[in-house]
Amino acid sequence: MSEKSVTRRRVLKGGAAAATVGLTGHAAGRSKQANSIDYWNIHNGEDFRQPINNIVSNFQNNSGTTVNTRFVDNDDIESQLSAAVASNTLPNTGLLAIQTIQRLGADGSLSKQSATSVIENIGSDDFREGPLQFMGAPDGGYYGVPADAWVQGIWYRKSVFEENDLDPPVTWDAIRKAAETLNDPDNNTYGIGFGTKATAYARQCFTQIARSNGALVLDENANVVFDEQPMIESLQFVKDLSQYVPGAVSFNDTRNLYGNQQEHMFFYSSYLLPDLLANNGKEMVQNTGLAPATENKRKSTYGQVLGHSIFNGDDPQLNASKNLVNHVMSGDSYIQWCHMQPGGTMPVLKSTAEKEAYLDNDILSAWSDTINQISSALGNMERFDFVGGQLLPEFGQITSRSLVSQAVNRVAVKGHDPDTVAKEQAQKMRNALQ
């Protein structure tokens, strides 16, 4: 099924659902709640399922509404949503990534009024600005309710940086100097770790570098600007750094190199917190610092936000969905939610981040200094698919063809000229958007 046909069906379904609300809303009453709702969730790992099921079970016991929870891998969510549209079995609410929520919102499949109502009930001032703005609709209100977030930064071994009198790897100059100083391939040690295989990890690492130089893939009108000077400079910086990287590496490769002390700084998400503590212990945690933003012409951090969207439906369905999302985002339920993967499921509510009950956690205690850095970085998150405060769905055509990560791979691994790569990849992007 083509994206175009899926979009048309969603719009039609949204219109039909809106009509249903208009016919039944008065009779149903605003406070009436559906007997059962369907809830999809892309937190699909074993570490997530039990806590989410517990939170949902408490909601069911308190509300009398049955929640049919379905866990879906994020890699499969688009095909599952398309199938649900075709079979008229879309869920009532779901935890989704921001790009999915923005697209569904633009298609007319979501109840913007319901999501906005939940945010206003919680208090919009309590949400961190970065995650909340990603959920915003162009004409006001919100397509989804932010639930949790993670950020990417450069993690580094503090003792090695101190021994070599190196500044924390924040600016391009500091990163370049540290990579050159620490690179010692004859002793199987490398200067820096970042994604150089043509994968999503390479695109994520490069996003932070390019945006810190003011570079974009698409401008706010979705014109390809990948071949402009800021992007060429960013690719040249990656090529300069690549001489200190052991070839084509993935996120698992670079994570293992750091754990084995074969590199002393690398790009990685805040999901590192539980992983490094469990596999390498408190000593390595205490010796690991974080540069949560990269700076050159400006400051930038890459990250991801997940949120709850509420699909169009009748009033009882909307009421039950809003009540479920409110339950997840409130009190002990939300603390349980954020404790699922500390660092990866960072709270988007400022009040929760300050609560003793949230901070009373072994992983958060071990990383106590770093937690504040991650929380602050949530306000600086940037992505190639959000420009001028709006989603650019055209970027999906570029991502699906790995055209950005291919550019990184070409300059970093194959040694191609950055200017040539920028022009050739830009033309491929224009062809993809035709």
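# Briefing: ring pairs, charges and loop residues

Phenylalanine 251 counts as partly exposed, at 40% relative accessibility. Its ring partner tyrosine 201 counts as buried, at 7%. Please keep in mind as you browse that this is a predicted model.

**Aromatic rings**

- The structure holds 12 aromatic pairs.
- In one of them, the ring centres of tyrosine 201 and phenylalanine 251 are 6.1 Å apart and the planes meet at 70°, so this pair is edge-to-face; the cut-off for that class is over 60 degrees.
- Tyrosine 201 belongs to helix H9 (residues 200-212) and phenylalanine 251 to helix H11 (residues 251-259), so their contact ties together parts that are 50 residues apart in sequence.
- Ring pairs also join Tyr201, Phe251, Tyr258, Phe266 and Tyr268 into a cluster.

**Arginines over rings**

- Tyrosine 258, a member of that cluster, has arginine 157 over its face, at 4.0 Å from the ring centre.
- Tryptophan 40 has arginine 70 over its face, with 4.6 Å to the ring centre.

**Salt bridges**

- Across the whole structure there are 13 salt bridges.
- Arginine 103 and glutamate 78 form one of them, at 2.2 Å from N to O.
- Arginine 103 is buried, with a relative accessible area of 12%, whereas glutamate 78 is partly exposed at 32%.
- Glu78 and Arg103 also belong to a salt-bridge network together with Asp107.
- Glutamate 382 bridges to arginine 211, with the closest N and O atoms 3.5 Å apart. Here strand E10 (residues 381-382) is connected to helix H9, and the two residues are 171 residues apart.
- Glutamate 382 is buried at 15% relative accessible area, and arginine 211 is buried at 11%.
- Aspartate 227 meets arginine 430 at 3.2 Å, N to O. Aspartate 227 sits in the loop between H9 and helix H10 (229-242), and arginine 430 lies in helix H21 (residues 418-433), 203 residues apart.
- Aspartate 227 is partly exposed at 25%, and arginine 430 is partly exposed at 29%.

**Loop residues with positive phi**

- Aspartate 165 is not a glycine, yet its phi is positive, at about 50°. You will find aspartate 165 in the loop between helix H7 (158-163) and helix H8 (172-182), where it is exposed with a relative accessible area of 66%.
- Serine 402, also not a glycine, has a positive phi of about 55°. The loop between helix H19 (395-400) and helix H20 (403-412) holds serine 402, which is partly exposed at 27%.

Note on methods. Residues numbered from 1 in each chain as written. Predicted model: local features only at pLDDT ≥ 70, side-chain atom pairs only at ≥ 80, totals over all residues. Heavy atoms only, no water. Phe/Tyr/Trp six-rings, centres within 6.5 Å; stacked < 30°, edge-to-face > 60°. Helix = DSSP H or I, 4+ residues; strand = E, 2+ residues; numbered from the N terminus. Buried < 20%, exposed > 50% of the residue type's maximum accessible area, 1.4 Å probe, protein only. Lys NZ or Arg CZ within 6 Å of the ring centre and 35° of its normal. Salt bridge = Lys/Arg side-chain N within 4 Å of Asp/Glu carboxyl O.
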